[in-house]
Protein chains: 2
Amino acid sequence: MNVKPIVLKLGGSVITHKEKPLTPNREAIDRLAHEISQANVLPLVIVHGGGSFGHPFAKAYKINEGFKDSSQIMGFSKTHQAMTKLNGIVIDALISHNIPAVEVQPSSFMITKSDRIKAMSNKVVEKLLETGFVPVLYGDTVLDSEKGFAILSGDQLVSSLATQLAAERIIVGVDVDGLYTSDPKKDKTAKLVQHLTMRELKKMQHEITEATVTDVTGGMLGKISELIPAVRARIQVLIVNASKPDNVYKALIGQKVVGTLIQ
Amino acid sequence: MNVKPIVLKLGGSVITHKEKPLTPNREAIDRLAHEISQANVLPLVIVHGGGSFGHPFAKAYKINEGFKDSSQIMGFSKTHQAMTKLNGIVIDALISHNIPAVEVQPSSFMITKSDRIKAMSNKVVEKLLETGFVPVLYGDTVLDSEKGFAILSGDQLVSSLATQLAAERIIVGVDVDGLYTSDPKKDKTAKLVQHLTMRELKKMQHEITEATVTDVTGGMLGKISELIPAVRARIQVLIVNASKPDNVYKALIGQKVVGTLIQ
């Protein structure tokens, strides 16, 4: 590819009403499609999360624990179908804003190994980008060579795609302003970390995995940890609040925007 | 795989109202899902056509001619999205009848070469079958290494899948009783061909390609021609009228049913 693509993640908590099962946030989806259309940056890959389409089913049928008994079989089908439906809504919005979006379904070409992407053929994504399309992938239920099946998070997908496509940068749209020193939804004194180096990120992550401290950031650090391989490959990561209008637009065109920059 | 799978094709003319764009035949889809559920034969692969979801868009944007100008880009996206929507309706019906159906999207893992499948990884389909799922594929718009993009017919997919999976047999559900000596929708004297050998099929096909006669069978012979590689691999093909209740059920469980048997 001549021009390096931007990989844009749209968080499940942004594009769905997280507390209501199977409920898309159509207003947010339409606004984001409009922002992406206005920014008009190509090549672009979009990855979205599952939000209230994926999580309730996945939890009910314990998909993340792998294939343990036959009662999960229908659960896997239902979870997968729910994720696919959310994707259909996102693609409809993108197309209505004249973005040539094409679904690329992770489970159709990927089998994880103990929850991790081991090998991933990017032929279709690359050829879609070369032809002028905007490939849209998503967190999906996938087959797993060790566990039977697994959940592939949008964040792991973003990191793997960006690294393999040698992306220019990653924009992660979430429902908070970025990484905070503590959970901003619970702690009013939480401070936004506007810049994070690889060294700082690894130190924070190390402290959490060593269990000397718990993840006080409201889960954001775990999310960011998935992106370490991309940061290591010198791909800039910008976390922005995609629930606030114009942030994704500004991030796409390279304007200054409130958020956490990791590089 | 220990047990050879059955490959079931559900024709686009059966599951959609062919004259009305984007209109599923929900009654037929639900009835077929019920029949498949009642038959309860595993392993099973389902492939469906596009009918009025695929054809109108594909025709309008000349997708079958390949990528010629940028105005087709949005057309490809729309056609693909339409095909995916029909698949969503089919999967919903299958799941509601307790069939563990999982969409496998051809365009996500396949790139044709001048309209033809050259290489096809069946890993996901095979592992789905082994785990107890019913993979559901469909005629799709795909990327093409020579033409940019192309239309992959459900019939080509059926033949390729059945051959590679060493299927036990293929059941092709269409909206007529089978192959006729002439077009049964236009000619009342048309006679159903109940049995066709490979030799007879090749003779008929040869006559058509040599243009000494035209395809008087209402397009059925062209459809069947796609299945020649499977017939050559000694996979039995049964064409039945899936618009008539119980035919697909009977065919699945191996009961005698009116149709055209090719072997």
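Predicted model: local features only at pLDDT ≥ 70, side-chain atom pairs only at ≥ 80, totals over all residues.
**Two chains and their contacts: a group meeting talk**

Let me begin with one pair in chain A, where the side chains of A:Arg31 and A:Glu35 meet in a salt bridge, 2.7 Å from N to O; a salt bridge here is a side-chain nitrogen of Lys or Arg within 4 Å of a carboxyl oxygen of Asp or Glu. Because A:Arg31 and A:Glu35 are four residues apart in helix α2 (residues 26–39) of chain A, about one helical turn separates them. Side chains of opposite charge can pair when their charged atoms come close. Over all chains, a search of the whole structure finds 20 salt bridges.

Residues are numbered from 1 along each chain as its sequence is written, chains are lettered from A and ligands numbered from 1 in the order in which they are written, and side-chain values use heavy atoms, with hydrogens and water left out. Helices (H or I, at least four residues) and strands (E, at least two) are DSSP runs, numbered from the N terminus.

Let us turn to where the chains meet. The contact, meaning heavy atoms within 4.5 Å, takes 39 residues from chain A and 39 residues from chain B. Between them the two chains bury about 3,100 Å², 68% of it on carbon and sulfur atoms, where buried area is the accessible area (1.4 Å probe) that two parts lose on being put together, summed over both.

How many salt bridges does the rule find across the interface of chain B and chain A? There are two, and A:Asp92 forms a salt bridge with B:Lys85, with the closest N and O atoms 2.8 Å apart. On the side of chain B that touches chain A, several elements each supply at least two residues, among them α4 (71–96), α6 (123–131) and β7 (148–152). Of these, α4(B) gives the most, with 13 residues. That side of chain B divides into 19 nonpolar, 13 polar and seven charged residues, where Ala, Val, Leu, Ile, Met, Phe, Trp, Tyr, Cys and Pro count as nonpolar, Asp, Glu, Lys and Arg as charged, and the others, Gly among them, as polar.

Now to the packing inside chain B, where helix α3 (residues 51–60) and α4(B) pack at an angle of about 175°, with their axes 8 Å apart; axes are lines fitted to C-alpha atoms, for helices over the stretch in contact, and angles run from 0 to 180 degrees between N-to-C directions. The two helices are therefore roughly antiparallel to each other, a label for angles over 145 degrees. Among the residues that meet are B:Phe53 and B:Phe57 in α3(B) and B:Met83 and B:Leu86 in α4(B). By class, this contact has seven nonpolar, two polar and two charged residues.

Finally, some backbone details deserve a look. Most residues other than glycine have a negative phi, and most peptide bonds are trans. In chain A, the peptide bond from A:Leu42 to A:Pro43 is cis, with omega near -5°, and A:Pro43 lies in the loop between α2 and β2 (44–48). In chain B, the bond from B:Leu42 to B:Pro43 is cis, with omega near -10°. B:Asp115, in the loop between β4 (111–112) and α6 of chain B, has a positive phi, near 75°.

Key: Parallel < 35°, antiparallel > 145°, perpendicular 65-115°, else oblique.
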